[in-house]
Amino acid sequence: MVRRHVYALACGARRIMWSGLKAIPDEGMNDAQVKDPLRRNTLIAGDGAKKLAYHAYRRMAEVLEGADLSKTRLVQANRGGTYAVQFLKQGKPLWVLWDDSGKETVAQLTVSGKCDTVQATRALPNGAKGADITNAVFSQVVVPVKNGVAAIPLRDAIPVYVETKTEIL
């Protein structure tokens with residue numbers, strides 16, 4: 001879900017609609033509703049439980065809030081399965097990285113300016129099911145920038161938000 005939205009924004013989309021907020025409960029559906037492949041493509045399950053997608057979508061909205069979408073650019077598209085999209089938020093770069101190759105990899109992110117670390121935050125919260133999450137926690141790691149490059153670990157096709165955190169004075 002995050003990958004689709006971020007990629008669409010990088011390609012110039014300014015409005016992206018979700019197929020539905022809450023899934024239709026199975027009981028009482030007609031045949032057309034049962035066959036609809038998008039009926040479960042929602043943020044909230046039919047029983048009212050928030051899905052992992054709900055928490056990921058909420059976090060994406062929080063992270064991208066205030067970003068200048070007109071300055072969004074696709075930095076890398078499918079080079080060995082790795083994607084990188086750069087946003088500009090409050091004058092600072094914000095990247096979203098992911099890898100679709102199915103293997104664990106390390107993206108070499110070029111960071112300009114006087115930055116000595118970046119913070120990488122996974123877009124999917126910790127937890128097996130969204131219904132089990134009461135306070136969404138997203139794994140974070142501080143990555144050193146060496147010679148203008150940060151080595152960002154990517155796995156499971158889960159996007160990672162990367163933000164500059166410290167500057168060398």
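Predicted model: local features only at pLDDT ≥ 70, side-chain atom pairs only at ≥ 80, totals over all residues.
Tutor: Residues are numbered from 1 along each chain as its sequence is written, and side-chain values use heavy atoms, with hydrogens and water left out.

Student: Why is W98 called buried?

Tutor: Buried means under 20% relative accessible area, exposed means over 50%, and partly exposed lies in between, with a 1.4 Å probe and protein chains only. W98 has 2% relative accessibility, so W98 counts as buried.

Student: What makes Y7 and Y83 an aromatic pair, and which geometry do they have?

Tutor: Rings of Phe, Tyr and Trp (its six-membered ring) pair if their centres lie within 6.5 Å; planes under 30 degrees apart count as stacked, over 60 as edge-to-face and the rest as tilted. The centres of Y7 and Y83 are 6.0 Å apart and the planes stand at 85°, giving an edge-to-face pair. Y7 belongs to helix α1 and Y83 to strand β2, so the pair ties together parts 76 residues apart in sequence. Helices (H or I, at least four residues) and strands (E, at least two) are DSSP runs, numbered from the N terminus.

Student: Are Y7 and Y83 buried or partly exposed?

Tutor: Y7, at 34% relative accessibility, counts as partly exposed. Y83 has a relative accessible area of 14% and is therefore buried.

Student: What makes a group of residues a nonpolar core, and how many residues has the largest one?

Tutor: A nonpolar core is a set of buried Ala, Val, Leu, Ile, Met, Phe, Trp, Tyr and Cys residues joined through side-chain atoms within 4.5 Å. The largest has 17 residues, and those with the most contacts inside it are V2, V6, L64, F87 and Y161. Two or more residues come from each of α1 (2–10), α3 (52–64), β2 (82–89) and β3 (92–99). A second, separate core of 16 residues includes L97, L109, V118 and V145.

Student: Which residues is L64 in contact with, beyond its neighbours within four places in sequence?

Tutor: Contact means heavy atoms within 4.5 Å. With those neighbours left aside, L64 is in contact with L9, F87 and L94.

Student: Why is the pairing of R58 with E62 called a salt bridge?

Tutor: A salt bridge is a side-chain nitrogen of Lys or Arg within 4 Å of a carboxyl oxygen of Asp or Glu. The closest N and O atoms of R58 and E62 are 3.4 Å apart, and the pair forms a salt bridge. R58 and E62 are four residues apart in helix α3, about one helical turn. R58 is partly exposed at 48% relative accessible area, and E62 is likewise partly exposed at 39%.

Student: What makes R58, R59 and E62 a network?

Tutor: R59 also forms a salt bridge with E62, at 3.8 Å between the closest N and O atoms. Salt bridges thus link R58, R59 and E62. By this rule the count comes to four salt bridges; one of them joins D156 and R155 at 2.9 Å. D156, at 54% relative accessibility, counts as exposed, whereas R155 is partly exposed at 39%.

Student: How do you know that R59 lies over the face of F138?

Tutor: A charge sits over a ring if NZ of Lys or CZ of Arg is within 6 Å of the ring centre and within 35 degrees of the ring normal. R59 lies over the face of F138 at 5.4 Å from the ring centre.
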